[in-house]
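Subject: Structure handover, with notes

Hi,

Here is the structure I said I would pass on.

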Amino acid sequence: MTSVDTIIRSAPGESCAPELAQGPWTFDLGTPGYGPGASMGDVIPTGSPRQGQLPAEYQRASNDELHERIRAAKATLGDRVVVLGHFYQRDEVVQHADFLGDSFQLANAAQTVPNAEAIVFCGVHFMAETADILAQPGQSVILPNLAAGCSMADMADIDSVEECWEQLTAIYGTEPDADGRVPIIPVTYMNSSAALKGFCGRNGGIVCTSSNAATVLEWAFERGQRVLFFPDQHLGRNTAKAMGVPLELMPMWNPNKPLGGNDRQGIEDARVILWHGFCSVHKRFTVAQVEQARAEHPGVRVIVHPECPMAVVDAADEAGSTDYIRKAVAAATEPTTFAIGTEINMVNRLAAEFPQHEIFCLDPVVCPCSTMYRIHPGYLAWVLEALVRGEVLNQITVSDDVAVPARVALERMLAAKP
Ligand code: SF4
């Protein structure tokens with residue numbers, strides 16, 4: 001099947017931004033947003049790591065040459081390196097991955113190779129941070145392009161969350177109720193900076209993934225009267241709603257407004273306070289697309305990711321994590337038409353892997369996650385060949401003052417059982 005990258009290069013007008021057809025290095029220097037793709041309009045926060053210019057030889061090389069150089073470098077390095085590829089990466093990168101998965105699956109996969117000196121994470125910045133938090137001492141985690149951030153993770157920075165926490169604590173106090181439940185528990189989605197995971201670890205909170213968000217919220221409600229959920233409002237809302245929390249008890253916290261844009265009563269009554277964050281990829285899916293899929297493909301099975309807006313999740317047949325979507329397609333015994341609401345690279349790969357089914361992306365416009373798309377085989381070849389020379393480029397490190405409490409929040413998640 002034709003890769004998303006090839007489609008973009010051969011028919012740039014069919015994608016959400018014709019500039020996608022250019023190499024990502026075009027956008028590494030001086031671009032205010034993340035560059036073309038689904039989160040191109042999202043601002044890169046000040047202080048985010050910046051990628052320097054990729055050496056010209058990697059920019060000029062053909063894909064065939066880059067693949068050959070990547071294979072040769074991997075063969076030389078052998079078990080000293082492990083390459084991790086996220087589901088949303090382009091096929092041209094995924095073909096070199098030793099493991100393919102979602103962010104948490106990949107962080108766990110890295111732990112199965114404790115002797116690898118270097119973990120090359122073909123994903124985005126928060127994923128490399130998580131891998132570093134869980135890595136063995138002496139292992140280096142490498143992000144091939146430092147500009148591969150995540151605009152959703154950027155929407156909750158540690159200063160704004162701490163300021164929010166101060167305001168909430170001033171209202172709720174810190175005393176537990178008669179059942180021993182503290183006033184509020186912070187819950188961060190895996191798609192957040194290490195600093196926020198550390199914040200949760202320090203404040204009795206926990207991390208969740210899109211697979212275990214309901215289990216984690218149950219864990220939190222056993223220990224707290226309410227939850228502050230960040231950064232993704234949609235995952236928080238969709239999960240809490242399915243658990244029976246009324247929408248009116250889920251105010252949204254906008255960090256740019258006093259009390260997050262709420263009145264005191266709304267905050268006092270809240271069960272889940274939702275941070276004003278979202279994924280620019282999953283925000284593109286609409287109810288109209290679901291209706292169109294149903295009209296054009298009678299009997300279609302619509303599955304969307306819970307980062308999609310609530311109305312889209314409600315209109316779909318099912319909602320679940322990337323792992324859920326993959327398993328649902330794999331488990332279908334009869335030829336089925338699937339309309340999938342998640343990132344295009346993953347949808348197209350499913351379509352190639354399961355040709356007995358008709359599988360298409362709910363969004364008819366080809367629009368990859370722009371930050372994931374920053375990882376091009378040129379950057380992978382660059383960091384691998386540097387490793388062969390004994391140089392570690394683009395290392396992501398999380399300092400112990402953050403990593404230690406972040407590990408506590410991650411361990412609470414692993415211990416939480418349905
Ligand atoms: S798909 Fe959304 S949540 Fe995932 S990296 Fe891209 S912007 Fe972030």
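Predicted model: local features only at pLDDT ≥ 70, side-chain atom pairs only at ≥ 80, totals over all residues.

**Helix pairs**

Two packed helices are described by the angle between their axes and the distance between the axes, and I have done that for two pairs.

Start with α3 (residues 63-77) and α17 (residues 377-388): their axes come within 9 Å and cross at roughly 30°. Angles under 35 degrees count as roughly parallel, so α3 is roughly parallel to α17. The crossing of these two helices is left-handed. On the α3 side, the contact is made by N63, L66, H67, R69, I70, A73, K74, T76 and L77. Facing them from α17 are P377, G378, L380, A381, L384, E385, L387 and V388. By residue type, the contact of α3 with α17 has 10 nonpolar, 4 polar and 3 charged residues.

The other pair is α5 (residues 103-111) with α6 (residues 125-134). Here the axes come within 9 Å, with a crossing angle of roughly 35°, and the crossing is right-handed. From α5, the residues S103, L106, A107, A110 and Q111 meet M127, T130, A131 and L134 of α6. This contact of α5 with α6 splits into 6 nonpolar, 3 polar and no charged residues.

**Around the ligand**

Which residues come nearest to the ligand? There are 14 residues around it, and C150, M152, C279, V281 and C369 are the ones that come nearest. As for the make-up of the shell, 8 of its residues are nonpolar, 5 polar and 1 charged.

- The peptide bond from F230 to P231 is cis, with omega near -5°. P231 sits in the loop between β7 (227-230) and α11 (233-242).
- L259 is not a glycine, yet its phi is positive, at about 50°. You will find L259 in the loop between β8 (252-253) and α12 (264-269). L259 has 16 other C-beta atoms within 10 Å, so it counts as partly exposed.
- N394 also has a positive phi without being a glycine, near 55°. Its loop runs between α17 and α18 (400-415). Is N394 buried or exposed? N394 is buried, because 22 other C-beta atoms lie within 10 Å, and the cut-off for buried is 20 or more.

**Two exposed loop residues**

T174 is in the loop between α8 (158-172) and β5 (185-189). It has 8 C-beta neighbours inside 10 Å, so T174 counts as exposed. Leaving out residues up to four places away in sequence, T174 touches T169 and P183.

L29 belongs to the loop between α1 (4-10) and α2 (56-60). With 11 other C-beta atoms within 10 Å, L29 is exposed.

In case you want some distances to get your bearings, L29 and T174 are 46 Å apart in space, C-alpha to C-alpha, and 145 residues apart in sequence. From T174 to L77 it is 52 Å, again C-alpha to C-alpha, with the two residues 97 apart in sequence. L77 is one of the α3 residues that make the contact with α17.

Cheers

Notes. Residues numbered from 1 in each chain as written. Axes fitted to C-alpha atoms, helices over the stretch in contact; angles between N-to-C directions. Helix = DSSP H or I, 4+ residues; strand = E, 2+ residues; numbered from the N terminus. Parallel < 35°, antiparallel > 145°, perpendicular 65-115°, else oblique. Left-handed = near helix turned anticlockwise from the far one by under 90°. Contact = placed C-beta atoms within 7 Å. Nonpolar A, V, L, I, M, F, W, Y, C, P; charged D, E, K, R; others polar. Buried ≥ 20, exposed ≤ 12 C-beta atoms within 10 Å, placed from the backbone. Near = placed C-beta within 6 Å.
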